[in-house]
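The entries follow in the order I made them.

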Amino acid sequence: MISVGKIKQYSNVLERPLSKGKQEVSLSAFAFLFSELVQYNQTQVDNITELERRLEDAGYAVGARILELLCHREKGNRRETRLLGILSFVHSTVWKVLFGKVADSLEKGTEHEDEYMISEKELLVNRFISIPKDMGAFNCGAFVAGIVRGVLENAGFPAVVTAHFVPVEGQHRPRTTILIKFAEEVLRREATLV
Amino acid sequence: MAPVAPRSGDAIFANVERVNAELFTLTYGAIVRQLLTDLEEVDEVNKQLDQMGYNIGIRLIDEFLAKSNVSRCVDFKETAEVIAKVGLKMFLGITATVTNWDVEGTTCSLILEDNPLVDFVELPDTCQGLYYCNILSGVVRGALEMVSMKTEVTWLRDMLRGDDAFELQLKLLKQVPEEYPYKDDE
């Protein structure tokens, strides 16, 4: 096959220069697309757990890629190896790039050593979503939980990540908390590092 | 009351809330990958992407009309220009060139100057029949149907398939006459 000009030059995706990542699209474009993602997955499942799992899978794919991208672009080809390092990378760097702001809070669970929480007053993906009553505790944040799991797992920190609504006093809408529960091996390894 | 002047795509884009294009691109990639896993056949994926785009188009047209002040286009030529310069700009931040008109003025091509859907994408050998951006053609078709235009929208050139540009062909099939009661409130 004969290809010409620009194409020839960029025949391989890896040879293309890495963009600075400052390009934007309208929030509506993303909202429309995300809504189609949710609706399509709704047709593929018969319960809420399954739907959340599928959204999480989709998010995981995004997370795995964003980790790779940001390690190249923002961290000079290095990635975090310590627990707090990777958590703050997710809370600050990843959040900033994906959602335009640092996450509202990052906390350590008080009851369990292996649990951490990232909370967001108004999570981007939940902004245009209202959950019908018959769908109970369904949370589109599962997509973002998937992104977080994708980043963590591919950086060598396997974890179970889930999204939950937490009512806030005096607020009409609940905030979304992303609960991260690290695998045992992660904590064991962390304990051996100085 | 004097008609309000249509706003330029740039002006609208500057004023709407925006998100990082990479979130959009990677999310779209995740959708395509899910479809490939679920449906297995590339043709089915093309169809599903088109359907999703259509669903978006029929909803998106409302926002487009509300924010752009664009009123009825005098002819299909104006329609194509509006899509290329206002529609694509306000949602995706890109523009297109309209070209290759046929003599009747019912078929033309949009050449996309940039395409945020395909960043980081390379089609593997197993997906050669895939129209990766098929959602976009669905959006255009759906949106135009809501303003009484039946169209056929197809990809003529696709850089992921080795072409030198992204070319989307718009073909006006028919103008659906508005039926009584007229919904127009002019």
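I counted a contact wherever heavy atoms lie within 4.5 Å. By that rule, 38 residues of chain A and 43 residues of chain B take part in the contact between the chains.

Ground rules next. This is a predicted model, in which local features need pLDDT of at least 70, side-chain atom pairs count only at pLDDT 80 or more, and totals for chains, interfaces and linings use all residues. Residues are numbered from 1 along each chain as its sequence is written, chains are lettered from A and ligands numbered from 1 in the order written, and side-chain values use heavy atoms, without hydrogens and water.

**Interface area.** I took buried area as the accessible area (1.4 Å probe) that two parts lose on being put together, summed over both. Chain A and chain B bury about 3,800 Å² between them. Carbon and sulfur atoms hold 61% of that. On the chain A side, Val25(A), Phe32(A) and Leu33(A) lose the most area to chain B, together 19% of what that side buries.

**Chain B, overall.** I used DSSP runs for helices (H or I, at least four residues) and strands (E, at least two), numbered from the N terminus. Chain B has five helices and five strands. Their order from the N terminus is α-β-α-α-α-β-β-α-β-β. The C-alpha trace spans about 55 × 35 × 30 Å along its principal axes. Among contacts in chain B between residues at least 6 apart in sequence, 59% join residues at least 24 apart.

**Burial.** I called a residue buried under 20% relative accessible area, exposed over 50%, and partly exposed in between (1.4 Å probe, protein chains only). Of the 186 residues of chain B, 50% count as buried.

**Val19(B).** I found Val19(B) in strand β1 (residues 18–20) of chain B. Its relative accessibility is 7%, so Val19(B) counts as buried. Leaving out residues up to four places away in sequence, Val19(B) touches Gln23(A), Glu24(A), Val25(A), Ser26(A), Leu27(A), Phe30(A) and Leu124(A). Val25(A) is also among the three chain A residues that lose the most area to chain B.

**Glu22(B).** I then moved to helix α2 (residues 21–39) of chain B, which holds Glu22(B). Is Glu22(B) buried or exposed? Glu22(B) counts as buried, because its relative accessibility is 4%. With residues up to four places away in sequence not counted, Glu22(B) touches Ser19(A), Gly21(A), Leu69(A), Arg73(A), Val97(A) and Phe120(B). I also checked Asn134(B): Glu22(B) and Asn134(B) are 112 residues apart in sequence and 19 Å apart in space, C-alpha to C-alpha.
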